[in-house]
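Let's take a walk through this structure together, from the whole chain down to single residues. Have the viewer open as you read.

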Amino acid sequence: MAASLDDDLDPNNQDYYSLLNVRKEATVEELKASYRRLCMLYHPDKHRDPELKIQAEQLFNQVHRAYEVLSDAHSRAIYDIFGKKGLEVEGWEVVERKRTPAEIREEYERLQREREERRLQQRTNPKGTISVGVDATDLFDRYDEDFEEMPGGGFPHIEINKMHISQSIEAPLTNSDTAVLSGSLSTHNGTGGGNINMTVRRVTSAKGWGEVELGAGDILGPLIGLKMFRNLTPRCFLTAQCGLQFSPRGLRPSCSLMTARHLGQNTMGYLQWRWGPNSAMTTSLVRDTKTSHFTLAVQLGVPHSYLMTSYQYKFQDEDQTKVKGSLKTGWFGTVVEYGAERKISRHSVLSATVSIGVPQGVTLKIKLARASQTYLFPVHLTDHVLPSAVFYATVGPLLIYLAVHKLIIIPYTKAQKEQDLELQRKSSATDIAKKKQEAESAVLLMQESVRRIIEAEESKMGLIILNAWYGKFVSDTTQKQEKAKVIDVTVPLQCLVKDSKLILTEASKAGLPGFYDPCVGEEKSLKLLYQFRGVMHQVISADTEPLRIPKQSHRIEAES
């Protein structure tokens, strides 16, 4: 369906393609054939009853308007981009009408970019991270003899030993300049500090940008930094960064260079060099596909050198579930991590990772990402690799998630969805009532044509629509509840039969003549029972799925 200027879900934005039952790529001949057929059905002069004549005139005007728009290449291009509202702009203020469809699309893209730039100027794009470290080693590493004589010694001691809070906001200065203000506060075992940074970024061209950073803090001291990004070729880019830290121990300069290249459609190669307090050379290979993400990295440096590999599998489900695992080994020891990530609401993603290392011990990391805010909860369970700590770190979060998901998340999301649907129904109630009345009028106007079509099809044992229902079917409820969300569309579909064939396009069937949406915002389908050459056939088709009948696969085999 064509896009609206403001809202693609605008109930008043009628789908002309669905009304004429043609493809979006339909030729002029296909449009003309459908238009002639509907004109014969709805022409006011064919109906003598005054009330039917008025209803036929309204439907005839809708069909005529749809054909008028889609048969003109210029108007059709505008409708495909802007929708029905774009055609109603007085004096056509969007673009000059003399332009070609290709020029209209280019102008539309330009207007979209300008609107996006204006929207960016009003944004601050806040981002934040809150990390709370929990020391729970007393659960597994406690020495009972040290606590037997202490009051309350029978209960494990769990404490928060570190915390980190960071926040940043963006302020677009011009179309090419952006200022970023960020700050952070950290505390660990009773001591802490903070810093504040100001960054100004300028986009120099479509190929690159540069930024200047100024910072101050009570831990590392003032900072001055420069950073540059540049696309060297369509498949290769370079990032360069240098900084000067004024620390209590003196000046601490640093520099880094990173280049990356596309090695394949889904594969990137990176090479990074760092000079300064943590000098190192790192190379990595990253392959990211629709179903998986793989990383292999090697670092040689002072004081840390390591080899790291990680793999993530992406399930193709509604919740965007991912499972991941990694192995990292180097001079500092060896760390194995595994975990899972899942979308729990429209804007929230929850993940849990178990980290097992020598000599680091066992840590459970819980992460909640809510829009642009991130909440981290690393829970250190033990300084040693204990099977009991690994077991509880793995099974505990899983059981808690399943319980919370079943008892809280599912009921909440279900209630939220029902509330949204109810609001949508109320907001479109007037329009739906109008569509229902138009559909009922269309069915009355179709009666005579349907009678003739059935007679013609019966004479040659052709296609007869016995029963057709459109809407939401619920198999585990009563028949009364099921019919409350479906409508009878037997007559409208029989009216579309031509030469013993019925062809429906990929557009929503709610826009077909004689149809309307009986359950706004919910998934709908079409259930058909038809007869062809004296044999019963049955099929269920999704709302936007194209349908062509009769088909051999729809045949109902007779019971022996």
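What share of the 560 residues of the protein chain counts as buried? The figure is 34% of the 560 residues, where buried means under 20% relative accessible area, exposed over 50%, and partly exposed in between, with a 1.4 Å probe and protein chains only.

## Ground rules

This is a predicted model, in which local features need pLDDT of at least 70 and side-chain atom pairs count only at pLDDT 80 or more, while totals for chains, interfaces and linings use all residues. Residues are numbered from 1 along each chain as its sequence is written, and side-chain values use heavy atoms, with hydrogens and water left out.

## The chain as a whole

The protein chain holds 10 helices and 23 strands; these are DSSP runs numbered from the N terminus, with helices being H or I of at least four residues and strands E of at least two. Its accessible surface comes to about 34,000 Å², and 57% of that belongs to carbon and sulfur atoms. Areas here come from the Shrake-Rupley method with a 1.4 Å probe, and for residues only the protein chains shown count as cover.

Take the contacts (heavy atoms within 4.5 Å) between residues at least 6 apart in sequence: 44% of them join residues at least 24 apart.

## Helix H3

Helix H3 covers residues 50-70. Its 21 residues should span 30 Å at 1.5 Å a residue, and the end C-alpha atoms are 31 Å apart, which agrees. The expected span is 1.5 Å times one less than the number of residues. Buried residues of H3 include Leu-59, Phe-60, Val-63, Tyr-67 and Leu-70, and Gln-55 and Gln-62 are among them too.

A nonpolar surface patch of about 1,000 Å² has among its members Ile-169, Leu-181, Met-198, Val-212, Leu-226 and Phe-246. Patches are built from residues with over 30% relative accessible area and no salt bridge; like charges are joined within 9 Å, and nonpolar side chains (Val, Leu, Ile, Met, Phe, Trp, Tyr) within 5 Å. Strands S4 (191-205), S5 (208-217) and S6 (223-233) are the elements that give two or more residues to the patch, and S4 gives the most, with three.

Ile-169 sits in strand S2, residues 159-172. With 37% relative accessibility, Ile-169 counts as partly exposed.

## Salt bridges

How many salt bridges does a search of the whole structure find? The search finds 15, each being a side-chain nitrogen of Lys or Arg within 4 Å of a carboxyl oxygen of Asp or Glu. One of them joins the side chains of Asp-177 and Arg-202, at 2.7 Å from N to O. Asp-177 lies in strand S3 (residues 177-188) and Arg-202 in strand S4, so this pair ties together parts 25 residues apart in sequence. Asp-177 is buried at 11% relative accessible area, whereas Arg-202 is partly exposed at 47%.

Another pair is Glu-522 and Lys-485, whose closest N and O atoms are 3.4 Å apart. This pair links distant parts of the chain, 37 residues apart: Glu-522 is in the loop between strands S20 (502-504) and S21 (525-532), and Lys-485 in the loop between helix H9 (479-483) and strand S19 (486-488). Glu-522 is buried at 9%, while Lys-485 is partly exposed at 29%. Lys-524 pairs with Asp-517 at 3.3 Å between the closest N and O atoms, and both of these residues are buried.

Start with Ser-18 in helix H1, residues 16-20. Ser-18 is buried, with a relative accessible area of 1%. Its side chain reaches the backbone nitrogen of Leu-512 at 3.4 Å. Beyond neighbours within four places in sequence, Ser-18 is in contact with Ala-507, Ser-508, Gly-511, Leu-512 and Pro-513.

Next comes Asn-231 in strand S6, partly exposed at 27% relative accessibility. Not counting residues up to four places away in sequence, Asn-231 touches Ala-206, Lys-207, Cys-236 and Phe-237. Thr-289 is buried at 17%, and its contacts outside four places in sequence are Asn-266 and Lys-314.

Technical notes: Polar contact = N/O pair within 3.5 Å; in protein donor to acceptor, adjacent residues only side chain to side chain.
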